[in-house]
Amino acid sequence: MLRQALLTLSRSDAMQRLVTGWPAARRMARRFVAGETLEDAMAACRALNAQGLAVTLDYLGEAVTERREAEAAGAMAIRILEAIRREGVEANLSLKPSQMGLDIDERFCYDNVARVLERARQLGDGQEEIFVCLDMESSAYTDRTLDLTERLVHAGFRNVGTVLQAYLRRTPNDLERMLRLGVRLRLVKGAYLEPSAIAYPDKADVDRAYVELMRILLERGHYPAIATHDERIIEATRRWAFERGIAKTSFEFQMLYGIRRDLQQRLREEGYNVRVYVPFGEQWYPYLMRRLAERPANLVFVVGNVVRERPLDWRGPAAFGAGVMTGIAAAWWWRTDHRR
Ligand SMILES: Cc1cc2nc3c(=O)[nH]c(=O)nc-3n(C[C@H](O)[C@H](O)[C@H](O)COP(=O)(O)OP(=O)(O)OC[C@H]3O[C@@H](n4cnc5c(N)ncnc54)[C@H](O)[C@@H]3O)c2cc1C
């Protein structure tokens, strides 16, 4: 229920205005977001590379309705690619189709993404082309994102891939389609609010589906990404790769910036390739809300910031809100982590 509430709030413009103007929330966002500028993102990139971790950079933004805004996102994507080459960092790019104009017009979005891929190809120039992953958003975009990927591959772009979500009941079919296409895939559990008619409502079913998809992907995929912080699934992946004689270097683990840094490092030390998804930019609100929905105990950090910010104002609305959030977070923690 709390997950649903947070995901519903992630789409509220009024809430976005309120939260983004709140200094404590900005500080909270910094836990999951590398900063607001490209320079911040490149600094995070260098620091992660120094620990042996590769990066995928994401300029935050989604559900764009203005052509100008989508074109600006395309221009920023190109600036990111140029910065990656210029600085020689180990990084690629993640893009949200709805940020590139998928809601405006499919042809317009295609052209916008194709310009980015073309630049990534040029920047290869004798070296490896920079890979661009089309993130998967809510189910309203699934067909259009897969179609877009397919059209780009058919147009000759080999440096594009996309994401499949284990919680969607349709994903086994989509996986077959994408394997036939031969694109690089990232497997995730899925981060959006979906009706049970199309997505498994129970975590156990999502986890089971994830493991089944992971096995197929490891055997038949083209350098797939197993993107999860779930230790049980990571262990199942390691076991499967070992049993099937699949080389550690033929796939990568991916995790989100600021989450389970210990695990990222441990896997790297064990010889696995690990890539960290590094988001940056000013549009961090929906991204932050999805991270809170995944783990409502994160609300405790928000509360901590509120208390630090207003230590004397215990009767104010912020303190009241903080109290309610603490209660919810504590109840959630007790129900899940504590019993595990
Ligand atoms: C690299 C990457 C790219 C992604 N791209 C997409 C995408 O394109 N489309 C999409 O729908 N989803 C995407 N996701 C999000 C994904 O769908 C899940 O919502 C998210 O990864 C949490 O699920 P989990 O697999 O970690 O498992 P969970 O069962 O949710 O979590 C397992 C454990 O991981 C830790 N953990 C998980 N989330 C958090 C958090 N927010 N804060 C602190 N600890 C946490 C906790 O210890 C938790 O017990 C992406 C995730 C990653 C790692």
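**A guided reading of the chain**

Visitor: Leaving aside neighbours within four places in sequence, with which residues is R186 in contact?
Guide: Contact here means heavy atoms within 4.5 Å. With neighbours within four places in sequence set aside, the list for R186 is T56, S94, C133, D135, T162, V163, L164, A225, A227, Q254 and Y277.

Visitor: What kind of model is this?
Guide: Residues are numbered from 1 along each chain as its sequence is written, and side-chain values use heavy atoms, with hydrogens and water left out. Local features need pLDDT of at least 70, side-chain atom pairs count only at pLDDT 80 or more, totals for chains, interfaces and linings use all residues, and the model is predicted.

Visitor: Is R186 buried or exposed?
Guide: R186 is found in strand β5; helices (H or I, at least four residues) and strands (E, at least two) are DSSP runs, numbered from the N terminus. Buried means under 20% relative accessible area, exposed over 50%, and partly exposed in between, with a 1.4 Å probe and protein chains only. Because the relative accessible area of R186 is 7%, R186 is buried.

Visitor: What is the length of the polar contact that joins the side chains of R186 and D135?
Guide: A polar contact is a pair of N or O atoms within 3.5 Å; within protein, one must be able to donate a hydrogen and the other to accept it, and residues adjacent in sequence count only if both atoms are side-chain atoms. The polar contact between the side chains of R186 and D135 has a length of 2.9 Å.

Visitor: How many helices and strands are in the chain?
Guide: Of the 340 residues of the chain, 51% count as buried. Among contacts with a separation of 6 or more, 73% are between residues 24 or more positions apart. The chain contains 14 helices and eight strands.

Visitor: Leaving aside neighbours within four places in sequence, with which residues is L95 in contact?
Guide: L95 is one of the core residues that touch the most other members. Apart from neighbours within four places in sequence, L95 is in contact with A77, M100, V113, V116, V132, C133, L134 and D135.

Visitor: Why does T237 count as buried?
Guide: T237 lies in helix α10, which covers residues 231–243. Not counting residues up to four places away in sequence, T237 touches M214, L218, I226, F251 and F253. A polar atom of its side chain lies 2.8 Å from the backbone oxygen of I233. T237 counts as buried because its relative accessibility is 0%.

Visitor: Is G88 buried or exposed?
Guide: G88 lies in the loop between α5 (67–87) and β2. The C-alpha atoms of G88 and R46, 42 residues apart along the chain, are separated by 9.5 Å. Because the relative accessible area of G88 is 62%, G88 is exposed.

Visitor: What is the phi of A63?
Guide: Most residues other than glycine have a negative phi. A63 is found in the loop between β1 (54–59) and α5, and at 45% relative accessibility A63 counts as partly exposed. Although A63 is not a glycine, its phi is positive, at about 50°.

Visitor: What is the phi of Y223?
Guide: Y223 lies in the loop between α9 (203–220) and β6 (225–227). With a relative accessible area of 22%, Y223 is partly exposed. Y223 is not a glycine, yet its phi is positive, at about 45°.

Terms used. A nonpolar core is a set of buried Ala, Val, Leu, Ile, Met, Phe, Trp, Tyr and Cys residues joined through side-chain atoms within 4.5 Å.
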